[in-house]
Amino acid sequence: GIATTGVCLFHILNGDMDGQVLFLTIAGWSIYVAAVVEDTLLGYKDALETSAPPLVELIKTGRIRGTLFTFLFTLGGFVMYEEIQVDWGIALLAALSCSLLHMSIMTFNDWYDRSHDLKKGKRLAFDYPKAFWGYWVKLTMVTLVLIGVLMLSDFYLGALCLAVLLTGLLYSYLENVIVLNNLIVAACGASPVLCGSVHVRTSDKSIWLWYGFFFCLILAREVVKDIEDAKIDRGYKHTLAVAFGVENAKRISLVMASISGIFLYLTRKANEVLAILGLLVYKFVRWDPTSNPKKAILLCDTVIGLALICMVVPQKYGMREVAMLDMWSIEHFLWGVVMYPFLRKIFPSFTIKKLLATILVIAYSWELIEFLMELGVFGIAISDWKHGFEHWSNRLIGDPLLVLLGGFVSTKKQKMWIWVIVPWAVWGIVNYLAPNSMFIQEVILNVFR
């Protein structure tokens, strides 16, 4: 190994290696170094537990919802610069790297807190410490290899990912440093949105406004999480809720959520989400901090998700060729309302989550069929009726999520489908009989102009 390394270094210094050869050589070294480090960290690998937890349970320690948000944050940071040609190879590699480093940080923190987490009923890391550690090491080595490959393509972007990973891992050792622990979580949690800006080498005001919004709202969310664990954390973590009490921690969370609203307002792109954020602030004011905060946390996540959509979508309302929402969006929402009770009868053993997941799969399947229609796969007549291609935000975000929203509303208002099935069917029939799919919308818009 030493001899091979010496030969490679000699040829690199002489300029004999460049381009793809150099890339593959460095990538190979990265994998080799990762394997050596992994072997060192797993020095007791022959003594691992004879039984191990299911892989899916280990994966869950990476916080699936947070990982998904991280993936979308990273892509959103690239898509918001769509006037600049997006390098999807780099964007996807960065998104995957950020997602895995998020999982690595979360899993390591569970391993570090394994004894303390027994008070929360979390036993996985405590019952299988070696298998848990082994999973984290393998996950982190894969993450480091991906970051290494990313650094070869874009050094500064890879360096950002590496800095976030190291800072996030450092968090576990700084849990007793009040405020700093929350700041680390917020800074690392919001950082993926900067990836696109780093890649295109720009630092415009808008990206920092979005970063400020996500930073403040994630910080508010983290303080709420600390309020939930205040009794358990006393004597172990020095959080705001432990140091100043849950009422004062609630006020701090409220202030951070309000400040995030200022950043959101200054973006000039998310007034609708600003109204929902106002609802969140109102909920914070009314919220009893001694009660379960799960609803407040879910509302935080909803606001973050909607804000991310507003950040990446160039136009929210208008014709479907350029906007996320059009009049067909109403039909998609009603379709979700109608679909849920029928699926519930077809799959009576399914939970609500499974039914909603099925609705989302059907919605995206329909979007694929629509795309094939627009391509002319089903004939030129149908292609002409479709009247052009939908904007990516309409196809990937607006329509499917509205179908899902309709299904969710139907879980709360189970008789609602009786009232909407007729207007849903009438709207569909009228449009299908029209010269093209956008004819009715154009007529309605012309009336109001």
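Analyst: The largest cavity holds about 50 Å³ of space. A cavity here is a set of points on a 1 Å grid over the protein atoms alone where a 1.4 Å probe fits but cannot get out, and its volume is the space filled by probe spheres set on the points, which are joined across faces, edges and corners. By this rule there is 1 cavity of 30 Å³ or more. This is a predicted model, in which local features need pLDDT of at least 70 and side-chain atom pairs count only at pLDDT 80 or more, while totals for chains, interfaces and linings use all residues. Residues are numbered from 1 along each chain as its sequence is written, and side-chain values use heavy atoms, with hydrogens and water left out.

The lining of the largest cavity (residues with an atom within 4 Å of a point) consists of F78, Y81, I84, Q85, V86, D87, H199 and V200. By class, 5 of these residues are nonpolar, 2 are polar and 1 is charged; Ala, Val, Leu, Ile, Met, Phe, Trp, Tyr, Cys and Pro count as nonpolar, Asp, Glu, Lys and Arg as charged, and the others, Gly among them, as polar.

R201 lies in the loop between helix 10 (195–200) and helix 11 (205–228). Its phi is near 55°, a positive value in a residue other than glycine. R63 also has a positive phi, of about 60°, although R63 is not a glycine. The loop that holds R63 runs between helix 3 (55–60) and helix 4 (64–79). Most residues other than glycine have a negative phi. At 29% relative accessibility, R63 counts as partly exposed, a class that falls between buried (under 20% relative accessible area) and exposed (over 50%), with a 1.4 Å probe and protein chains only.

Overall, the protein has 22 helices and 0 strands; helices (H or I, at least four residues) and strands (E, at least two) are DSSP runs, numbered from the N terminus. Of its 449 residues, 45% are buried.

The aromatic residues come next. Rings of Phe, Tyr and Trp (its six-membered ring) pair if their centres lie within 6.5 Å, and planes under 30 degrees apart count as stacked, over 60 as edge-to-face and the rest as tilted. By this rule there are 23 aromatic pairs. In one of them, the rings of W328 and W385 have centres 6.5 Å apart and planes at 85°, so the pair is edge-to-face. This pair links distant parts of the chain, as W328 is in helix 17 (residues 328–346) and W385 is in helix 19 (residues 380–386), 57 residues apart. Both tryptophans are buried.

Y432 touches W328 and W385, not counting residues up to four places away in sequence; contact means heavy atoms within 4.5 Å. Y432 belongs to helix 21 (residues 416–433) and is partly exposed, with a relative accessible area of 45%.

Elsewhere, F108, W111, Y112, W133, W136 and Y173 form one aromatic cluster. The charged end of R114 sits over the ring of W111, 4.2 Å from its centre, where the rule asks for NZ of Lys or CZ of Arg within 6 Å of the ring centre and within 35 degrees of the ring normal. Likewise, the charged end of K354 sits over the ring of F350, 5.8 Å from its centre.

Methods. 1 Å grid on protein atoms, 1.4 Å probe; cavity = no way out; pocket = protein on both sides within 12 Å on 5 of 7 lines; lining within 4 Å.
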